[in-house]
Amino acid sequence: ILRVIIMFKYYLILIIIMSTITLIFYVIDKQKAKRNKYRIREKTLVLLSFLFGSCGGLIGMYLIRHKNRHIKFIITNWLFLIIHIILGYFILTYAI
């Protein structure tokens with residue numbers, strides 16, 4: 001059981017790190033959008049959300065109000081969050 005707890009701990013650390021990176025990318029893209037500068041590709045933002053950054057993507061969407069009207073971002077961020085929760089659940093229950 002200790003191995004499962006350690007695996008889940010590292011999983012949460014991964015989520016926190018990737019969500020922080022994703023949120024930073026959303027903030028940078030929002031600032032660039034306001035200044036009409038070269039933007040971060042949408043594919044990059046979606047990829048970061050997929051790579052365990054969905055919490056940061058959702059925070060970026062709703063806290064700084066960036067990409068919150070784009071259906072692609074709404075669906076993918078929520079879908080990836082659900083997948084990440086399910087993966088965490090499987091780590092806790094089946095990684096024995």
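Visitor: Which residues make up the largest nonpolar core here?

Guide: A quick heads-up before we dig in: this is a predicted model. The general idea is to look for buried nonpolar side chains joined to one another. In this chain, the largest such core has 9 residues: Tyr26, Ile40, Leu45, Val46, Leu58, Met61, Phe73, Phe80 and Leu81. The elements giving two or more residues to this core are α2 and α3, and α2 supplies the largest share, 4 residues.

Visitor: What does Ile40 touch, once you skip its sequence neighbours within four places?

Guide: With those set aside, isoleucine 40 is in contact with Phe25, Ile28, Asp29 and Leu45.

Visitor: Let's zoom out. How many helices and strands does the chain have?

Guide: Count 3 helices and 0 strands, running α-α-α from the N terminus. The C-alpha atoms fill a box of roughly 50 × 20 × 20 Å along the principal axes. Of the 96 residues in the chain, 33% are buried. As for contacts with a separation of 6 or more, 71% of them link residues 24 or more positions apart.

Visitor: How are α1 and α2 oriented relative to each other?

Guide: For that, you look at the crossing angle; values of 65 to 115 degrees count as roughly perpendicular. The axes of α1 (residues 2-34) and α2 (residues 42-63) cross at roughly 75° and come within 7 Å, so the two helices are roughly perpendicular to each other. By class, their contact has 15 nonpolar, 9 polar and 1 charged residues.

Visitor: Which residues does asparagine 77 contact, leaving aside neighbours within four places in sequence?

Guide: The partners are Tyr26, Ser49, Ser54, Gly57, Leu58 and Met61. Tyr26, Leu58 and Met61 also belong to that nonpolar core. With tyrosine 26, the asparagine 77 side chain makes a side-chain polar contact of 3.2 Å.

Note on methods:
Residues are numbered from 1 along each chain as its sequence is written. This is a predicted model: local features need pLDDT of at least 70, side-chain atom pairs count only at pLDDT 80 or more; totals for chains, interfaces and linings use all residues. Side-chain values use heavy atoms; hydrogens and water are left out. Axes are lines fitted to C-alpha atoms, for helices over the stretch in contact, and angles run from 0 to 180 degrees between N-to-C directions. Angles under 35 degrees count as roughly parallel, over 145 as roughly antiparallel, 65 to 115 as roughly perpendicular and the rest as oblique. Ala, Val, Leu, Ile, Met, Phe, Trp, Tyr, Cys and Pro count as nonpolar, Asp, Glu, Lys and Arg as charged, and the others, Gly among them, as polar. A nonpolar core is a set of buried Ala, Val, Leu, Ile, Met, Phe, Trp, Tyr and Cys residues joined through side-chain atoms within 4.5 Å. Buried means under 20% relative accessible area, exposed over 50%, partly exposed in between (1.4 Å probe, protein chains only). Contact means heavy atoms within 4.5 Å. A polar contact is a pair of N or O atoms within 3.5 Å; within protein, one must be able to donate a hydrogen and the other to accept it, and residues adjacent in sequence count only if both atoms are side-chain atoms.
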